[in-house]
Amino acid sequence: MRIGILAHSFSAAFSIYKAVEDVPGQQLFIILSPSPHRSRWTSYLANLARLVFTSVKRFNFKPLQLLVTRRLIFLGRAFHDQRSVDTLKQLKLDVGLHKAGVIYRDVTIDAFRLGILNHHIGILPAYRGRSVLEWSILQSDPVGVTVFFIDSGIDTGSQILLSERVDISRYRSIAEAKRYLFELDQVFLRKALVLLSEGKPSFRQNDGTGRRYFVMSKLFESVVERLVQGS
């Protein structure tokens, strides 16, 4: 399989790269688009600086190898721009790994043979949207991670590749628990690629029966914080 890690930051993408690079039967690409909050050239120079810093500090020249072998791609525009989409199609990628802070449009998703995988810190289909960790705790429901193929909606992609409960009882704040779940993206995206590489993944249906949640109010969040502290 040909895998593209989609990100704005080289550092964020490279953390995923290191976690999945030894999964058999794949060729990895890192594909960076400019940050929505920076100009094209500022983003490009910032990412080059991160690449050099990573190589020199850790005596790891894999980033430079990626650049030389053209498996590190700098897009000049957003992922949905037609020039970016054309570049993605030319790479003939099978799967994308989401590590960018954007909602992808159909033209971008369709540039991948199978689609783009997302690591979601909630159990689908029950918990879509924002603050799903907090809402799960408040309603005494399981906390966990879901990896699924996205569509252009909010956590509505129909194919769930894997979903697991995660124990957060050792954490004493929402921030710590949430950081832990987000950092599990390296673990769960690797698991997802292993399932795909084995050739017979078993998908569950994200059938839309769950609710879409929004950012929790400070009042409810304080209640959840006390629940976490007392767990």
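In which helix is the place of Asn47? Asn47 belongs to helix α2. The structure is a predicted model, in which local features need pLDDT of at least 70 and side-chain atom pairs count only at pLDDT 80 or more, while totals for chains, interfaces and linings use all residues. Residues are numbered from 1 along each chain as its sequence is written, and side-chain values use heavy atoms, with hydrogens and water left out.

Figure 1. Helices (H or I, at least four residues) and strands (E, at least two) are DSSP runs, numbered from the N terminus. Asn47 has a relative accessible area of 2% and is therefore buried; buried means under 20% relative accessible area, exposed over 50% and partly exposed in between (1.4 Å probe, protein chains only). A polar atom of the Asn47 side chain lies 2.7 Å from the backbone nitrogen of Phe10. Leaving aside neighbours within four places in sequence, Asn47 is in contact with His8, Ser9, Phe10, Leu32 and Phe74, where contact means heavy atoms within 4.5 Å.

**Figure 2. The packing of helices α1 and α2.** The two helices pack at an angle of about 45 degrees, and their axes are 9 Å apart. Axes are lines fitted to C-alpha atoms, for helices over the stretch in contact, and angles run from 0 to 180 degrees between N-to-C directions. This makes α1 oblique to α2; angles under 35 degrees count as roughly parallel, over 145 as roughly antiparallel, 65 to 115 as roughly perpendicular and the rest as oblique. Phe10, Ser11 and Phe14 of α1 meet Asn47, Arg50, Leu51 and Thr54 of α2. Because eight of the eleven residues of α1 are buried, this helix is largely enclosed by the rest of the structure. Among the buried residues of α1 are Ala13, Ile16 and Val20.

**Figure 3. Two of the aromatic pairs.** The structure holds ten aromatic pairs. Phe14 and Tyr17 form a stacked pair, at 5.7 Å centre to centre and 10 degrees between the planes. Rings of Phe, Tyr and Trp (its six-membered ring) pair if their centres lie within 6.5 Å; planes under 30 degrees apart count as stacked, over 60 as edge-to-face and the rest as tilted. Phe14 and Tyr17 are three residues apart in helix α1 (residues 10-20), so about one helical turn separates them. Both Phe14 and Tyr17 are buried. Tyr44 and Phe74 form an edge-to-face pair, at 4.8 Å centre to centre and 75 degrees between the planes. This pair links distant parts of the chain, 30 residues apart: Tyr44 is in helix α2 (residues 40-57) and Phe74 in strand β3 (residues 72-74). Tyr44 has a relative accessible area of 30% and so is partly exposed; Phe74, at 25% relative accessibility, also counts as partly exposed.

**Figure 4. Charged side chains over aromatic rings.** The charged end of Arg170 sits over the ring of Tyr180, 4.9 Å from the ring centre. A charge sits over a ring if NZ of Lys or CZ of Arg is within 6 Å of the ring centre and within 35 degrees of the ring normal. Lys191 lies over the face of Phe188, at 4.8 Å from the ring centre.

Technical notes. Polar contact = N/O pair within 3.5 Å; in protein donor to acceptor, adjacent residues only side chain to side chain.
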